Structure formats: C-alpha cells, structure tokens
Amino acid sequence: MINNDTFQRFMFDDLQIRGEWVRLGESFHTATQAKNYPETIKSLLGQTIVASVLLTGTLKFAGRLSIHARGDGQLNLLTAETTHQKHFRALAKWDGDIDPEARLAELLGGAQLAITIDPDHGNRYQGIVPMERETLAACLEHYFELSEQLDTYLLLGAGEYGCYGLLLQKLPDYKKIEDQDAWNRIIHFAETLRETELLSVDNQTLVQRLFHEERVSLYPAEPVRFQCTCSSERSLRAIHALGKDEALSILETEPVIGMDCQFCGSVYSFTRGDIQKLFEMDPIQ
C-alpha cells in the first residue's frame, strides 16, 4: 500500500543520521482545487507544501512552521504552513502566462526564503536565506547549512499525481561515529531513487531497497491533511478591525460584505444586520 497523505520518520541506528518521508495525494488536490494553478506553479507549490511538512519533523512543541517566498517576478508569492499535527495550507500568486521552462529564480525574481517557527507558547523565530540556488530543495539545504550547521539532503517533487519528499540529515553526534563515510554513502543511495518508485512503492520497501546494508528503524506513519484556518468568526474579526463606520460605508454600495479565503476558496457574506450585531458585541471575542 502506497503511503499517501502521510509523514513518516526513520533512523539509521548506527550512523547518527535521520530521515523523513512525505507523500501527498488527495490532500494536495484538495489544497489546490480552488485555484487554476499553471502546472509549473502547482509543482512549486507542491514542493513547498512537502518541505513545510518535512521541516515540522524538527518541532518539539505545539505550533506551526511556514515557508514563505515573496519576490518581484511573475510568481510573487509562494507560501505553505504546517502545524505540529501535520495540518497544512498553502497559496501561490502569479501574474500572466507562465513559461513552463522558467527556473525558480526567474519566476520569483529577487526573492528571499523565510522559514518561520511559531510556537503556540513561546517566542517566534524566523530564519531567512537568499534564493540563490537552482531549486527549492537546494535553497532549503543552504538554509540548514547556514542556520543549523547540519548537512541536509532534500528531494522534492510534484506532479499531476500529487507530491513527495525525502529529507536526510546528520545529527549533531554524527562526528562521534567511526564510519565518517556513512553520509556520502547514504546520499549516494538516495540519489538513485526514481520517481516511478515513489509512485508505486511503499515507504518500508523503499527503505529496505535503498539502504539494505544499514540497520534502519522506521517509525509509525502520521496522517497529513489539508486544513484551512478560515472561519466566519475570523472574518468577523477582520471586519471589526475595520471599524463600524468603515464597515457600514461598504454596505452603502454593496448588499453584503463578502470575504473570500484565498487558501481554500470559501466565501463568507455578512448582511447589515450581521454587522450591526457585530458592533453591539463590545468587545468582540
């Protein structure tokens, strides 16, 4: 059985190297069905989603991790956010017709890549790295090299079928093991992985096939799903922030105040009666 819509950790028992698989099918289609993404943009968004899910493997607390790139090219926004529960949402914005052969740097223009960790309780952390590499995976590898000083390998891919990813990373105690050639050996095996295998072979079989000479522990898979955080209540909070006079002025020319969620396509509409009731609540909760 293919491990669609799952996140799964594994560990090389003797080598101080950890790994993670992510493969998304239905959840990816649900996350992107509200917008008619060009295939190139959809692929990049899928890779960003997978990367955000993979990077939550580093979270040791309740919260969320987001990957965000905003530039001055045709692709002016690329973002994905995943919680510690492996619930994600994502969005891309673009202008004009997209060249299917365009490279990441060309599409985004002079963008920087921001990785933000936002715990439910505690201080927010953000790391930024310039998008100077050819692929999103290479940019994120560069981020780990600069911020964590940990050698990291990332494989990211997406297509009509869904999206997938593999993360391999040295642990801080790797330098203490005797087998200092292990990292190069593991990466060499990982680089032989073919897309057809990711579409047809389950995680356990892939681990055994790629790393059959190593002792590897595969941990239970965790479900991954698309979940938008929009709601009628959140929309009302946004209207409340406008102020009563501004909100009522909109209703002088419109029958309702409509708010569209860019992530999932949900539409929330509020009548004059809704707005009047809103501002009778003092303060809004």
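Visitor: Which residues does D151 touch, not counting residues up to four places away in sequence?

Guide: D151 touches L168, Q169, K170 and W183, where contact means heavy atoms within 4.5 Å. This is a predicted model, in which local features need pLDDT of at least 70, side-chain atom pairs count only at pLDDT 80 or more, and totals for chains, interfaces and linings use all residues. Residues are numbered from 1 along each chain as its sequence is written, and side-chain values use heavy atoms, with hydrogens and water left out.

Visitor: Why is D151 called partly exposed?

Guide: Buried means under 20% relative accessible area, exposed over 50%, and partly exposed in between, with a 1.4 Å probe and protein chains only. D151 has 36% relative accessibility, so it counts as partly exposed. D151 is found in the loop between helix 4 (136–147) and strand 8 (152–159); helices (H or I, at least four residues) and strands (E, at least two) are DSSP runs, numbered from the N terminus.

Visitor: What makes the pair D151 and K170 a polar contact?

Guide: A polar contact is a pair of N or O atoms within 3.5 Å; within protein, one must be able to donate a hydrogen and the other to accept it, and residues adjacent in sequence count only if both atoms are side-chain atoms. The side chains of D151 and K170 make such a contact at 2.7 Å.

Visitor: Why is N203 counted as buried?

Guide: The relative accessibility of N203 is 1%, and therefore N203 counts as buried. N203 lies in helix 7 (residues 203–210), and its side chain is joined to that of R23 by a polar contact of 2.6 Å. Leaving out residues up to four places away in sequence, N203 touches N3, T6, Q8, W21, R23 and L218.

Visitor: How do you know that Q47 is buried?

Guide: Q47 has a relative accessible area of 12%, so it is buried. Q47 is found in helix 2, and the residues it touches beyond four places in sequence are L136, L156, G157 and A158.

Visitor: What makes a set of residues a nonpolar core, and how many residues has the largest one here?

Guide: A nonpolar core is a set of buried Ala, Val, Leu, Ile, Met, Phe, Trp, Tyr and Cys residues joined through side-chain atoms within 4.5 Å. The largest has 54 residues, and those with the most contacts inside it include L24, I49, L113 and L140. Helix 2 (residues 39–55) gives the most to this core, with nine residues. Apart from it lies another core, of 25 residues, among them I17, I177, A182 and I187.

Visitor: How do you know that the buried residues of helix 8 line one face?

Guide: In helix 8 (residues 232–242), S235, L236 and I239 are buried. Seen down the axis of helix 8, the buried residues fall within an arc of 100°, so they line one face of the helix; the arc is that of the directions from the helix axis to the C-beta atoms.

Visitor: Why is helix 8 called roughly perpendicular to helix 10?

Guide: Axes are lines fitted to C-alpha atoms, for helices over the stretch in contact, and angles run from 0 to 180 degrees between N-to-C directions. The axes of helix 8 and helix 10 come within 11 Å and cross at roughly 75°. That makes helix 8 roughly perpendicular to helix 10, since angles under 35 degrees count as roughly parallel, over 145 as roughly antiparallel, 65 to 115 as roughly perpendicular and the rest as oblique. L236, I239 and H240 in helix 8 meet I275, L278 and F279 in helix 10.
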